[in-house]
Amino acid sequence: MHDERPEEFRLRGDQTWQVAAACATAAEVAADPDLFFPAGKDGERIGIAKRICSTCPVQGACLESALESGDAHGIRGGTTEEERGAGGARFQLRCNPARVEAALSGRDVFLNRVERKELVRIAILTAAPLHRVSAALKVSEPHVKKLLRRERRNRVDGSPGLGTSSRDERMKDST
């Protein structure tokens, strides 16, 4: 049967997932507290840490938290520092519409730069209230007005639903 529950997102700054982390109770970590912070390219320790991560029920939340915060140290979410460096750029470019919708509906969801721009675009299309956009972006209402003006100005090329340019309006008036 299809699960109809809405997708759950970790709230901004929420670290409660850590209590469910496999590394929190792993015997290997009790024996070697620095296991997830191997010096250099210690393949054996990296392999052990990644094996623990592979069984972790909150591996995704751990990785997302590391990418959001720019954490560049140790094994996080089953990835090394180098792997996160490569994936971090892709993370900052991803746009999850469900996250944007969740933020617009009042959830305190972390949004990357691309998702923040998408939120502004959707706010224009849906005529979202300023206070809601302001709360979602964590900025003042005057700043939201500035973002909306800028987005409208960038979209005067006739994109569907975003209005027309003043040149188009002048042409209509002259006919």
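Predicted model: local features only at pLDDT ≥ 70, side-chain atom pairs only at ≥ 80, totals over all residues.
Reader: What makes helix H6 and helix H8 roughly perpendicular to each other?

Author: The axes of H6, residues 113–126, and H8, residues 141–154, cross at roughly 85° and come within 10 Å. Angles from 65 to 115 degrees count as roughly perpendicular, and H6 and H8 are therefore described in that way. On the H6 side the contact is made by Val-120, Arg-121, Ala-123 and Ile-124, and on the H8 side by Leu-147, Leu-148, Glu-151 and Arg-152. By class, this contact has 5 nonpolar and 3 charged residues, with no polar ones.

Reader: Why is H7 called roughly perpendicular to H8?

Author: H7 and H8 pack at an angle of about 95°, with their axes 9 Å apart. Because the range for roughly perpendicular runs from 65 to 115 degrees, that angle makes H7 roughly perpendicular to H8. The residues of H7 that make the contact are Leu-130, His-131, Val-133, Ser-134 and Leu-137, while H8 contributes Glu-141, Val-144, Lys-145, Leu-147 and Leu-148. Sorted by class, the contact of H7 with H8 has 6 nonpolar, 2 polar and 2 charged residues.

Reader: How do you know that Cys-56 is too far from the closest cysteine sulfur for a bond?

Author: The closest cysteine sulfur to that of Cys-56 is in Cys-23, at 6.2 Å. A disulfide requires the two sulfur atoms to lie within 2.5 Å, so the sulfur of Cys-56 is too far from that of Cys-23 for a bond. The structure as a whole holds 0 disulfides.

Reader: What makes Cys-56 count as buried, and what makes Cys-95 count as partly exposed?

Author: Buried means under 20% relative accessible area, exposed means over 50%, and partly exposed is in between. Cys-56 has 15% relative accessibility and therefore counts as buried, whereas Cys-95, at 33%, counts as partly exposed.

Reader: Why is Ala-127 called exposed, and why is Lys-138 called partly exposed?

Author: Ala-127 has a relative accessible area of 62% and is therefore exposed, since the cut-off for that word is over 50%. Lys-138 has a relative accessible area of 48%, so Lys-138 is partly exposed. Ala-127 is found in the loop between H6 and helix H7, residues 130–137, and Lys-138 in the loop between H7 and H8. Ala-127 has a positive phi of about 55° although it is not a glycine, and Lys-138, also a residue other than glycine, has a positive phi near 60°.

Reader: What makes Val-19 exposed, and where does Val-19 lie?

Author: The relative accessible area of Val-19 is 75%, so Val-19 is exposed by the cut-off of over 50%. Val-19 lies in the segment before helix H1, residues 27–31. Val-19 and Val-58 are 39 residues apart in sequence, and their C-alpha atoms are 9.4 Å apart in space.

Notes: Residues numbered from 1 in each chain as written. Heavy atoms only, no water. Axes fitted to C-alpha atoms, helices over the stretch in contact; angles between N-to-C directions. Helix = DSSP H or I, 4+ residues; strand = E, 2+ residues; numbered from the N terminus. Parallel < 35°, antiparallel > 145°, perpendicular 65-115°, else oblique. Contact = heavy atoms within 4.5 Å. Nonpolar A, V, L, I, M, F, W, Y, C, P; charged D, E, K, R; others polar. Buried < 20%, exposed > 50% of the residue type's maximum accessible area, 1.4 Å probe, protein only.
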